[in-house]
Amino acid sequence: MPSGSLDSLKASKSMVQRDGASLDSGFRAHYNAGVERDRLLSGTSNLEFERTKRILSRYLPSRPATILDVGGGPGRYSFWLADMGYSVHLVDILPVHVRQAHGFQRRSKNPLTSIGLGDARSLDFEDRSVDIILLFGPLYHLVRKNERLKALTEARRVLKPGGLLFAAAISRFTSALDGSLRGFIRDPEFMKIIRQDLRNGQHRNPSNRPEYFTTAFFHHPNELEAEMRQTKFKPVKVYSVTGFAWLLPRFNQIWRDRTLKGRLMGILDRTELEPSMLGISDHLLAVGKK
C-alpha cells in the first residue's frame with residue numbers, strides 16, 4: 001500500500017492531471033475555492049454527513065479493518081473512521097484537498113494511515129487489499145459512463161472478497177427541486193441547467209456561479225443501481241440519504257431541537273429505501289458487496 005508521505009506521491013501527480021474532460025476547469029475552480037473544507041458541518045450538508053455516517057455504521061466491520069476513502073476531499077469521513085480505530089487511507093485528485101487533509105492530520109489524535117493524490121479510475125493499491133471503499137464524489141464528477149464504470153471496476157479490484165463499496169451519487173432531480181426551493185428558477189440560465197439535467201443528467205454551470213454547483217453527472221436512482229450491478233457488485237441497496245428533509249424551509253430550526261432532530265432522523269430511517277421517494281433525496285448512497 002502507499003505510504004503516508006506526501007513526497008512519496010509526487011510521482012503520481014502527473015497521472016492524476018491527465019484526467020480527461022470530466023474534471024474540467026470549472027470543477028477545479030469550484031473546489032480550489034475551498035468549498036469542501038467545512039461543507040459538511042452546517043445546514044442540510046450536516047444532515048447529509050450525519051445520515052451517511054448512520055448508514056455506514058450499520059455495515060462497518062470489526063476493528064481493525066482497512067478502509068480506502070477515494071475522492072475523500074479534506075477527510076471528514078476518513079478522520080471519523082480513524083477515530084473509531086480503523087486503518088484509513090485517503091486519496092483525492094485535487095492537491096487542495098490533500099493539503100487540507102494533511103492540515104487536519106497534524107491536529108488529529110488518531111492519524112490516517114496515508115493521505116495522497118489519487119484517481120478513482122486508476123488506484124495505486126494492490127488487488128484484494130482493503131475491506132471497505134468509500135466513493136463519495138467520483139461517481140458524480142465522472143460525467144462519462146465508461147469513466148464511472150472504470151472507477152467502480154477499480155474499486156472492485158482493490159476490495160477483498162466480501163468487501164463492501166459505498167458509492168454516493170446526486171439525484172437526477174436535484175436542480176429542479178433546489179432551483180424551485182431557492183428561487184433559482186427565476187434565472188433563465190438556470191432553467192437551461194434544469195432541462196439538461198432532467199434530459200440526460202449532464203449538469204453544467206457555464207456561468208460558474210458557485211451556488212449552481214459545477215460540472216457533474218446526476219444519476220437516476222435506477223441508473224446508479226444498474227452501474228453497480230454492471231460492475232458485478234451485489235446485492236445492491238440504494239439509500240435515500242437526505243430524503244425530503246433537505247427541502248424543509250425550517251430545517252435549521254428542527255435540526256437545533258434535539259427532540260425534533262431525533263424524530264426527523266427516525267422518519268428518514270423508515271423511508272430511506274422507499275422507491276417512490278428515492279429521487280427526492282439530493283444525495284443517494286449505493287451499497288454493494290464484492
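Visitor: Which residues does H30 touch, not counting residues up to four places away in sequence?

Guide: Start with what a contact is: heavy atoms within 4.5 Å. By that rule, and leaving out residues up to four places away in sequence, H30 touches V35, P210, F213 and T214. Before we go on, this is a predicted model, where local features need pLDDT of at least 70 and side-chain atom pairs count only at pLDDT 80 or more, while totals for chains, interfaces and linings use all residues. Residues are numbered from 1 along each chain as its sequence is written, and side-chain values use heavy atoms, with hydrogens and water left out.

Visitor: Where is H30 placed, and is H30 buried or exposed?

Guide: H30 is in helix α2, residues 25-32. Helices (H or I, at least four residues) and strands (E, at least two) are DSSP runs, numbered from the N terminus. H30 counts as buried because its relative accessibility is 13%.

Visitor: What does pLDDT say about the protein chain?

Guide: pLDDT is the predictor's confidence in each residue, from 0 to 100. Here the chain's mean pLDDT is 93, and 93% of its residues reach 70 or more. Residues 2-19 are a stretch to watch: pLDDT stays under 50 there, and the model has 31 contacts for them beyond four places in sequence.

Visitor: Which residues of the largest nonpolar core touch the most other members?

Guide: Take a nonpolar core as a set of buried Ala, Val, Leu, Ile, Met, Phe, Trp, Tyr and Cys residues joined through side-chain atoms within 4.5 Å. The largest one here has 35 residues, and I67, L81, L134, F136, F166 and L285 touch the most other members. At least two residues each come from α3 (43-57), α4 (76-83), β2 (87-92), α5 (95-107), β3 (114-117), β4 (130-135), β5 (159-170) and β9 (283-289). The largest share, five residues, belongs to α4.

Visitor: What is L134 in contact with, neighbours within four places in sequence aside?

Guide: With those neighbours left out, L134 is in contact with L56, I67, L68, D69, V70, Y77, L81 and F166. There is also a second, separate core of 28 residues, which includes L68, L123, L139 and L142.

Visitor: How many residues of α4 are buried?

Guide: A helix first, in general terms. An α-helix has 3.6 residues a turn, so residues three or four places apart point the same way. In this model α4 is mostly covered, with six of its eight residues buried: Y77, S78, F79, W80, L81 and A82. The cover over those buried residues includes α3, β1 (66-70), β2, α5 and β4. Just after α4, G85 takes a positive phi of about 105°.

Visitor: Is V98 buried or exposed?

Guide: V98, in helix α5, is buried because its relative accessible area is 2%.

Visitor: What phi do R128 and N208 have?

Guide: Positive ones, although neither is a glycine: R128 has phi of about 55°, and phi of N208 is near 60°. R128 is in the loop between β3 and β4 and is exposed, with a relative accessible area of 56%. N208 is in the loop between β6 (202-203) and β7 (216-217) and counts as exposed at 52% relative accessibility.

Terms used:
Buried < 20%, exposed > 50% of the residue type's maximum accessible area, 1.4 Å probe, protein only.
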